[in-house]
Amino acid sequence: MVASGARNVLKSFGQINRALLPQMQTIRDSKLGKPFYLIYVDYKNVLFDFCKFVYKKPAKAVRNFSVIGALVGIWYTNPETDSYTTQLMENANTLLLLSNKVRNAKCNETVQRLVKLNSENRLLVHNLGFFSLVRQKEHNDVTCVYEARCYYLKERWLYLYKDVVDIGFLGKWHFLEKAMVDYDINDAELSWLPVN
């Protein structure tokens, strides 16, 4: 269908070319038309080869399509840069609604530390396509101390894994979500209960 449509377009261009400029070559053979025609032939051959591959090996084609579909799905569900700050503030507000007697101390400490880093502008989100990393910086961007500006004193890429605060994958920030598990259960209040 597409091939016949492109062939008709090329024929009409050739008729226009012969009618207006009879001394010139046809568009398909001209310097201007030949590259476009070769691109058309290449894409046509690739499409035919692809159809033959799907017909001869359907299981392999389904596997390839599912892998490509999964990668596209992971790419599109990768959390955005602003979503980390939004989720962090929502978690902090959720904890603020609870009394100190009910609030989990570990959860509160983790979230408050992250809120402090965020307010100091020391959290950096790296979007790596299929997943995102949140990294804690030693200094913010406006710090003018020598340690923050000297190239030789900055941390090397080899040791950046120590500063990773969170990993975003499939639309979730996993460490932040893990920190909020049982946020409304104070372990100190339940310490008197016997251990089973």
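Biologist: At what angle do helix 2 and helix 3 pack?

Modeller: Happy to start there! This is a predicted model, where local features need pLDDT of at least 70, side-chain atom pairs count only at pLDDT 80 or more, and totals for chains, interfaces and linings use all residues. Residues are numbered from 1 along each chain as its sequence is written, and side-chain values use heavy atoms, leaving out hydrogens and water. Helix 2 (residues 33–56) and helix 3 (residues 58–76), both DSSP runs (H or I, at least four residues), have axes 5 Å apart and pack at about 110°.

Biologist: Is that parallel or perpendicular?

Modeller: Angles run from 0 to 180 degrees between N-to-C directions, with axes fitted to C-alpha atoms over the stretch in contact. Those from 65 to 115 degrees count as roughly perpendicular, so helix 2 is, relative to helix 3, roughly perpendicular.

Biologist: In what order do the four strands of the open sheet lie?

Modeller: Strands are DSSP runs of E, at least two residues, and two of them pair if DSSP finds at least two bridges between them. The pairing here is antiparallel, and the order is 1-2-3-4.

Biologist: Which are the edge strands?

Modeller: Each edge strand pairs on one side only. They are strand 1 (123–127) and strand 4 (172–173).

Biologist: Which strands does helix 5 touch?

Modeller: Helix 5 (residues 105–119) packs on the sheet, and its direction makes about 90° with that of strand 1. With contact meaning heavy atoms within 4.5 Å, helix 5 touches strand 1, strand 2 and strand 3 (164–169).

Notes:
Angles under 35 degrees count as roughly parallel, over 145 as roughly antiparallel, 65 to 115 as roughly perpendicular and the rest as oblique.
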